[in-house]
Amino acid sequence: MDQLDRRIIAALQANARASTTQIATTLGVARTTVHERINRMEQRGLIEGYTVRLGSTEDTPKVQVIVMLEVQQKETSRIIKRLEAYPEVKLCLSINGEFDLMLSAEAPRLEDLDILVDDLAKIPGVLRTNTSVVFGRRIDRN
């Protein structure tokens, strides 16, 4: 994958319904080049599909936190099962380094997330937490 492929992917992530002509015009390349590269990336499995991203509504949670968890390794599976029960937890990643798990959690109010973080710290096997409030999304390709 080269720089042009990356720029095509970024254009598709911004608007998956953009035509190859629109993308080609934006990137300053031939339409057939864009078309062939998209086909090649689909065939190689780099592009697996296209999706719809929903906009915010009044019911959409407004506050997000990132919670880092240090856990006892032998308890990891059980802790992840417990985390699945919290609807505020939107993402759980297993990571290396000082912490073992990284969570993204969302709720309507910061107070709700404060309660969540307190609850997470009480889960047996959770040794330590570190929480950061998200101020804004600078790049969001989801």
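Predicted model: local features only at pLDDT ≥ 70, side-chain atom pairs only at ≥ 80, totals over all residues.
Me: Why is E106 called buried?
Reply: Its relative accessibility is 18%. Buried means under 20%, so E106 counts as buried. E106 sits in strand 3, residues 101-107.

Me: What makes the link between the side chains of E106 and R137 a polar contact?
Reply: The distance is 3.2 Å between the side chains of E106 and R137. The cut-off is a pair of N or O atoms within 3.5 Å.

Me: How do you know that the reach of helix 5 is close to the expected one?
Reply: Helix 5 covers residues 110-121, which is 12 residues. From first C-alpha to last, helix 5 reaches 17 Å. At 1.5 Å a residue, 16 Å is expected.

Me: Which residues of helix 5 are buried, and what puts them on the same side?
Reply: The buried ones are L113, L116, V117 and L120. They cover an arc of only 95 degrees around the axis, which puts them on the same side of helix 5. An α-helix has 3.6 residues a turn, so residues three or four places apart point the same way. The cover over the buried residues of helix 5 includes strand 1 (63-71), helix 4 (76-83), strand 3 and strand 4 (126-133).

Me: Why are helix 1 and helix 3 called roughly perpendicular?
Reply: Helix 1 (residues 3-14) and helix 3 (residues 31-43) pack at about 85 degrees. The label applies from 65 to 115, therefore the two helices are roughly perpendicular. Helix 1 makes the contact with L4, D5, I8, I9 and L12. Helix 3 brings T33, V34, R37, I38, R40 and M41. The axes are 11 Å apart.

How values were computed
Residues numbered from 1 in each chain as written. Heavy atoms only, no water. Helix = DSSP H or I, 4+ residues; strand = E, 2+ residues; numbered from the N terminus. Buried < 20%, exposed > 50% of the residue type's maximum accessible area, 1.4 Å probe, protein only. Polar contact = N/O pair within 3.5 Å; in protein donor to acceptor, adjacent residues only side chain to side chain. Expected span 1.5 Å × (residues − 1). Arc of directions from axis to C-beta. Contact = heavy atoms within 4.5 Å. Axes fitted to C-alpha atoms, helices over the stretch in contact; angles between N-to-C directions. Parallel < 35°, antiparallel > 145°, perpendicular 65-115°, else oblique.
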